[in-house]
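Take a look at the structure below.

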Amino acid sequence: MIKVAPSILSADFACLAQEAKRMELSGADWLHIDVMDGCFVPNITMGPLVVEALSGRVDLFLDVHLMIEHPEKFLRAFSQAGAQLLTVHAEACNHLHRVVQMIKKNGCKAGVALNPATPLDCLEYILTDLDLVLIMSVNPGFAGQDFIPGVVRKISALAEERRRRNLFFEIQVDGGINEDTAALAVGAGADILVAGSALFNATKPQKVIKAFKMLPKKQRNV
């Protein structure tokens, strides 16, 4: 079944814990926490203190997406704050393999994100070390953007490479996810959907989450 990870970037920050709990009670699996530094992306959001405040307040897997330069400087802080998976951007790491190993040494699962224009080739020699690959379906930095259709081919190519090499990392898609684009992403091979406004702005987010989870999943590694 598809996993759903609400992005708190679209939550009401005046009552963040309650918003996260609302997603948990609506059937979400993960909580996606977007960290932005105003350098790698043109926005500033939150740091380890927010992760620490949410840790233990909700029974959700804490998925921390580091849209920051020099992420290796902050891995320990986010791990100690309660992050369970840390995803860094390939574009932000001079020594990607080293950063991935540092994430694991800090006790977290390791993910790598790719911006829409970044080719899959940069992951060729590191896929065996990854727990997750995040395909950005918008240019990172802001919530509420429209899904870029061209990334569907990229998701499909990554899923095929996973099948061909008999690997088991998960494919996550983030950006412009709604009931229509979710079907495109899952049909191409996505396992985890990150959604913001489609969930936090919904009157009944449990219905949206259920619809996402029931999308027919592309068969893996057969």
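Is His65 buried or exposed? His65 has 0% relative accessibility, so this residue counts as buried. Buried means under 20% relative accessible area, exposed over 50%, and partly exposed in between, with a 1.4 Å probe and protein chains only. The model is predicted: local features need pLDDT of at least 70, side-chain atom pairs count only at pLDDT 80 or more, and totals for chains, interfaces and linings use all residues. Numbering runs from 1 along each chain as its sequence is written, and side-chain values use heavy atoms, without hydrogens and water.

His65 sits in strand β3 (residues 61-67). Helices (H or I, at least four residues) and strands (E, at least two) are DSSP runs, numbered from the N terminus. Beyond four places in sequence, the contacts of His65 (heavy atoms within 4.5 Å) include Ile33, His89 and Asp174.

Now follow Ile33. Its place is strand β2 (residues 30-36). Ile33 is also at 0% relative accessibility and therefore counts as buried. Besides His65, Ile33 touches residues including Ile8, Met46 and Leu62.

Turn to helix α8 (residues 205-213). Its buried residues are Pro205, Val208, Ile209, Phe212 and Lys213. They lie on the same side of α8, because they cover an arc of only 135° around the axis. The arc is taken from the directions from the helix axis to the C-beta atoms. Lys207 and Lys210 are exposed, on the face turned away from the buried side. The buried residues pack against β1 (3-6), α1 (16-25), α6 (179-188), β8 (192-195) and α7 (197-200).
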